[in-house]
Amino acid sequence: MGSVTRAHTGQTLQRRAEVTDRVLGAVEDLLGTGERFTELPVQRIAERSGMSRTNFYQYFPNKSQVLIQVAEIASKEFFAAPTSWFADDASLDAGVSGVQRAIAEMIAEFRKHWPLMRALGEAAAYDTEVAEFWFGRIHEFIDFAADRVARWQTQGRVDAVVTAESVAAVTWMVERSIAQHIISADSDVSDDDRVVAALSRTIWLTITAGPD
């Protein structure tokens, strides 16, 4: 009986993942046309996803959950590179160039999902459920990064002047800077390198409290 239950659970999780991925594509397609998430009715999202409204609600009880569940994928990709940077003790040996690679990947992932990321930021300003998800995701990263900085401090590799507040400040700076850079009307991919350089240098100086 146990193996049957596990198989059924596995199929259910796989089905949910497939549905979420399909809805992610549908939402990004619709937002990519210039529509705002607040103006998108559930019926249109369901139809674009190839689902009936009734079936759609079995997976997404409300529009907030639509945004949260599809944004979970994009947010993981957005934070993947900086998480890897902080997770690797060798990152400090790579200098500012290692930070540049991480920021470049963050910008690339934001561009990949920019309509969804824009909707996430906008909805978080007025939707408590979405704000709890997005801000919670950012604070989760901050806590992880701060713990890694504390580890480097015990190793004598980072000065004690670098605090958890330092990590939080630089994290919010990066998130807001990338969002404003890409979402702005005159945003151009050719400007990405300058943004990468500026953010990376600031991050390096903040975290290491020293030259590269």
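This passage walks through a predicted model of a protein chain, from its overall build to a few individual residues. Local features were taken only where pLDDT is at least 70 and side-chain atom pairs only at pLDDT 80 or more, while totals for chains, interfaces and linings use all residues. Residues are numbered from 1 along each chain as its sequence is written, and side-chain values use heavy atoms, with hydrogens and water left out.

The protein chain turns out to have 10 helices and 0 strands, so the run of elements from the N terminus reads α-α-α-α-α-α-α-α-α-α, given that helices (H or I, at least four residues) and strands (E, at least two) are DSSP runs numbered from the N terminus. Along the principal axes, the C-alpha atoms fill a box of roughly 60 × 55 × 30 Å. The chain holds 212 residues, and 43% of them count as buried; here buried means under 20% relative accessible area, exposed means over 50%, and partly exposed is in between (1.4 Å probe, protein chains only). As for contacts (heavy atoms within 4.5 Å), 71% of those between residues at least 6 apart in sequence join residues at least 24 apart.

R157 lies in the loop between α8 (128–154) and α9 (164–183), whereas D93 belongs to helix α5 (residues 91–94), so the pair ties together parts that are 64 residues apart in sequence. R157 is partly exposed at 30% relative accessibility, while D93 is exposed at 61%.

Another salt bridge links the side chains of R44 and E35 (2.6 Å, N to O), and R44 is partly exposed at 34% relative accessibility. E175 and R176 also meet through their side chains, at 2.8 Å from N to O. E175 counts as buried, at 6% relative accessibility, but R176 is partly exposed at 37%. D89, R148 and R151, for their part, are linked in a network of salt bridges.

A119 lies in helix α7 (residues 114–123) and is buried, with a relative accessible area of 2%. Leaving aside residues up to four places away in sequence, A119 touches L31, F37 and L67. A119 and L67 are 52 residues apart in sequence, yet their C-alpha atoms are 8.1 Å apart in space. T208, in turn, is found in helix α10 (residues 192–208) and counts as buried at 14% relative accessibility. The T208 side chain reaches the backbone oxygen of W204 at 2.5 Å.

Key
Polar contact = N/O pair within 3.5 Å; in protein donor to acceptor, adjacent residues only side chain to side chain. Salt bridge = Lys/Arg side-chain N within 4 Å of Asp/Glu carboxyl O.
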